[in-house]
Structures are given as C-alpha cells and as structure tokens.
Amino acid sequence: MSSSDNRPIAFLDLAAQQKRMEPALRQRLDAVLAHCRFVMGPEVAELEGRLAAWCGARECVGVSSGTDALQIVMMAEGIGRGDAVFLPAFTYTATAEVPLVLGATPVFVDVDPKTFQIDPAHLRSRIQAVRAAGKLRPRAIVGVDLFGQPAPWPELRAIAAEEDLFLMADCAQSFGAELAGKALGREAVATTLSFFPSKPLGGYGDGGAILTDDPERAALYRSLRTHGEGTSRYEVLRTGMNGRLDTLQAAVLLAKLDSFKEELARRESIASQYDAGLGAFVQVPARVANSASAWAIYAILLASTAERDTLQARLKDKGVPSAIYYPLPLHKQPAYRDHHDGTALPVSEDLARRILALPIHPELTNQDIARVIAAVTG
Ligand SMILES: *Cc1c(COP(=O)(O)O)cnc(C)c1O
C-alpha cells in the first residue's frame with residue numbers, strides 16, 4: 001500500500017474544481033471587476049439565457065437562492081393563510097419552510113421506498129383528506145427531484161390537473177438531469193433551481209433561478225425579485241423582496257457551465273461504478289425509469305440504523321467521508337411537527353434511519369472510487 005491510499009477523500013472538492021477551471025473563472029470574474037455592475041450586470045441576463053436554452057424553457061429569472069426562488073413563485077400565486085401546499089416529507093427543509101413563511105400550511109406526503117421520490121398514490125389520499133377535513137384550501141403541489149433524479153412528473157401533472165392545483169418543481173438538486181431524453185426544467189408551471197455551492201451546478205455563494213414558459217409569470221417574478229417594482233424603478237406595484245442574483249455569482253456559473261456536460265457525465269460514471277461495486281452488498285439507488293440523474297447525492301440504504309452508523313464510523317477511519325441526507329423527515333422536525341396532522345409517513349421515517357450518502361463529485365479519481373467501494377464492502 002502506498003501512503004496515498006489513506007489520504008482523506010473529499011466529500012466535495014471545490015478547490016480542485018476551481019484549479020481545473022481557473023482560466024475561465026478568472027476571465028469571467030475580471031470582466032465583472034472591470035465593469036463594476038455588481039447588481040443586475042450583463043452576466044445575469046447572459047446566464048438566464050444559457051439556463052433557459054439548456055432546458056428549452058421560454059423564460060429564466062435569476063434570483064438570490066433556491067429558497068427565494070420557491071418564495072417568489074408562491075408569492076406570485078398568492079399562496080398564503082389557509083392554503084395547503086403538498087410536498088414530500090423527505091426533502092431539504094427549504095421546501096416546507098417557504099409555505100410557512102407565507103402563512104400557508106405544508107402538507108407532508110410520503111415517498112417511494114425505492115426511488116425516494118414523492119408517492120403519487122399517497123399524494124392523492126392526502127389531497128382527499130385535506131378536502132374532507134375542510135379546514136385548508138388545497139392550492140399547490142411542490143414536486144422535488146430528490147438527489148438529482150426526476151420526481152414522477154407525468155403523475156404529478158395528472159393529479160394537479162384533476163385537482164386544479166398549481167404545480168411547481170423544486171429542481172434545486174436536479175439541474176442537468178433528463179426525463180425521456182429531455183432536460184428537466186419544463187415539467188411544471190414553474191421550476192426553481194439552486195446554485196448553492198454543493199449543488200451539481202454551484203456558485204461561490206448563494207444563488208438560484210426560476211424557469212417558466214409563461215411570460216406573464218416571468219414578468220411577475222422579475223417584479224417580485226426587485227421589491228415589486230413596476231416599469232419605472234421607484235414605482236412599487238406589489239409587496240416583493242430583495243431577491244436578485246449577484247452579477248459575480250452569474251459570472252462564476254457561466255464559467256462553470258462550460259464544463260457542466262462533462263461533469264454530469266463524470267457523475268454518471270461514478271454512480272455506475274458504485275452500482276457495480278456495491279450492488280451485491282448494500283441497496284444502491286433505484287434508477288427512475290427513462291431518466292438521467294444529475295447525481296447531486298448518491299445514497300445507499302443499510303439494513304438498520306446500527307449497520308448504517310457502524311459503516312459510517314468505519315468509512316471515517318479509512319478516510320472516506322459520508323453524510324446523512326436526511327436524518328429526520330420534515331414532519332418530525334421541531335419547527336414543523338406542530339403543523340403536521342399526525343398522518344403516518346413510514347417510508348420517510350425508515351429512510352432517515354438507514355440512508356447514507358457517499359461522495360460523488362467530478363474531482364474523484366477512479367482510485368478514489370475504488371477506495372470508497374473497498375471501504376464499504378470491506
Ligand atoms: C438546496 C435546496 C433548496 C434551497 O436552495 P438554497 O439555494 O440553499 O436556498 C431547496 N430545495 C431543495 C430540495 C434543496 O436541495
């Protein structure tokens with residue numbers, strides 16, 4: 001064994017990525033430092049155009065974070081007090097936080113035990129239950145592409161149409177993924193993205209975007225991101241927020257987009273190597289049919305919490321980092337549990353007890369991947 005065999009592997013290696021992209025990054029950042037238009041500079045519109053073109057969407061609105069993207073979309077629909085917003089219990093906190101901030105109520109839906117995506121059958125029963133209880137008005141469904149794989153979009157669209165609900169897509173983890181050969185980004189009326197540094201396409205700070213094919217909604221999102229402004233800057237048409245994307249973040253993202261296709265291919269190759277090396281030992285992620293994942297997260301399932309925790313400790317000893325997404329489903333979180341109606345969400349609870357995420361980022365070498373596999377199976 002050479003001494004490099006115990007060198008710690010990074011869960012996320014932004015320094016190595018930066019080194020690889022340095023010339024493109026410097027050129028983009030220098031351009032911003034030269035023109036000094038730090039708020040709504042030309043890079044913002046350029047990035048919006050590139051993101052819209054990537055997905056084939058008509059409109060893209062750059063915003064300050066994935067969370068603010070969710071908030072602007074919900075504000076534009078007037079979602080608030082008395083409204084029920086249906087979303088998976090097994091996701092990042094922001095998806096549930098935003099309806100609460102706006103005075104609405106998140107209604108937690110369980111997920112599929114194999115793909116970890118929202119369960120359409122359970123969603124239907126949750127909508128019926130809320131209608132029957134008669135306290136909240138069903139308004140919206142937030143589909144989340146968990147870990148970078150697509151949510152069951154055809155089913156979610158059918159349910160939204162039947163139930164007359166607004167459908168939005170939280171694609172914070174899935175920009176770059178595909179369904180039926182098409183880039184995700186047009187599966188719902190509005191799609192939100194996050195450029196938090198750890199996402200597959202990540203900036204050097206907070207950032208986000210909203211995609212839509214509806215020009216009227218896009219105009220509303222643009223107004224809301226700048227304090228509800230009208231056609232002139234000091235005309236305030238509605239209550240908005242300061243939700244703009246920084247020019248510097250847009251510049252970083254433009255540089256990163258140049259090699260994003262290759263990064264996605266590398267993530268897929270790592271996932272395939274993990275599948276092949278680990279599939280006989282642990283439950284590897286089930287692939288959503290007819291799709292390509294952005295592989296934000298590669299999560300395995302162990303037989304029990306004890307096995308998961310033992311494995312995590314062993315990996316740590318061997319210099320292999322791992323992480324738990326998510327250790328607690330949202331309906332059990334101290335901040336949200338009082339808003340939950342008590343419905344059992346057994347799959348979300350079970351996943352939280354047994355899941356473990358392995359490193360998956362484009363800077364991993366094949367030797368790193370072999371070490372991760374050996375550490376898990378050894
Ligand atoms: C990261 C994330 C968000 C929030 O994005 P920020 O840019 O961090 O505000 C929302 N939803 C999901 C599913 C996420 O993973």
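Q: Where is the place of Leu 253 in this predicted model?
A: The place of Leu 253 is in helix 8.

Q: Why is Leu 253 called buried?
A: Its relative accessible area is 1%, and since buried means under 20%, Leu 253 is therefore classed as buried.

Q: What makes Leu 253 and Gly 203 a pair that is apart in sequence, and which residues does Leu 253 touch?
A: Leu 253 and Gly 203 are 50 residues apart in sequence, while their C-alpha atoms are 5.7 Å apart in space; leaving aside residues up to four places away in sequence, Leu 253 touches Leu 47, Phe 195, Leu 201, Gly 202 and Gly 203.

Q: Why is Leu 248 called partly exposed?
A: Leu 248, which lies in helix 8, has a relative accessible area of 34%, and this value falls between the cut-offs of 20% and 50%, so the residue is called partly exposed.

Q: What makes up the nonpolar patch that includes Leu 248?
A: The patch on the surface is formed by Leu 33, Phe 38, Val 39, Met 40 and Leu 248, which together have about 410 Å² of accessible area.

Q: How do you know that the span of helix 9 agrees with its number of residues?
A: At 1.5 Å a residue, the 19 residues of helix 9 (residues 260–278) should span 27 Å, and the end C-alpha atoms are 26 Å apart, which agrees.

Q: Which residues of helix 9 are buried, and what do they pack against?
A: Among the buried residues are Phe 260, Leu 264, Ile 270 and Leu 278, and the buried residues of helix 9 pack against elements including helix 1 (14–35), helix 8 (247–257) and strand 12 (355–358).

Technical notes. Residues are numbered from 1 along each chain as its sequence is written. This is a predicted model: local features need pLDDT of at least 70, side-chain atom pairs count only at pLDDT 80 or more; totals for chains, interfaces and linings use all residues. Side-chain values use heavy atoms; hydrogens and water are left out. Helices (H or I, at least four residues) and strands (E, at least two) are DSSP runs, numbered from the N terminus. The expected span of a helix is 1.5 Å times one less than its number of residues. Buried means under 20% relative accessible area, exposed over 50%, partly exposed in between (1.4 Å probe, protein chains only). Contact means heavy atoms within 4.5 Å. Patches are made of residues with over 30% relative accessible area and no salt bridge: like charges are joined within 9 Å, nonpolar side chains (Val, Leu, Ile, Met, Phe, Trp, Tyr) within 5 Å. Accessible areas come from the Shrake-Rupley method with a 1.4 Å probe; for residues, only the protein chains shown count as cover. A salt bridge is a side-chain nitrogen of Lys or Arg within 4 Å of a carboxyl oxygen of Asp or Glu.
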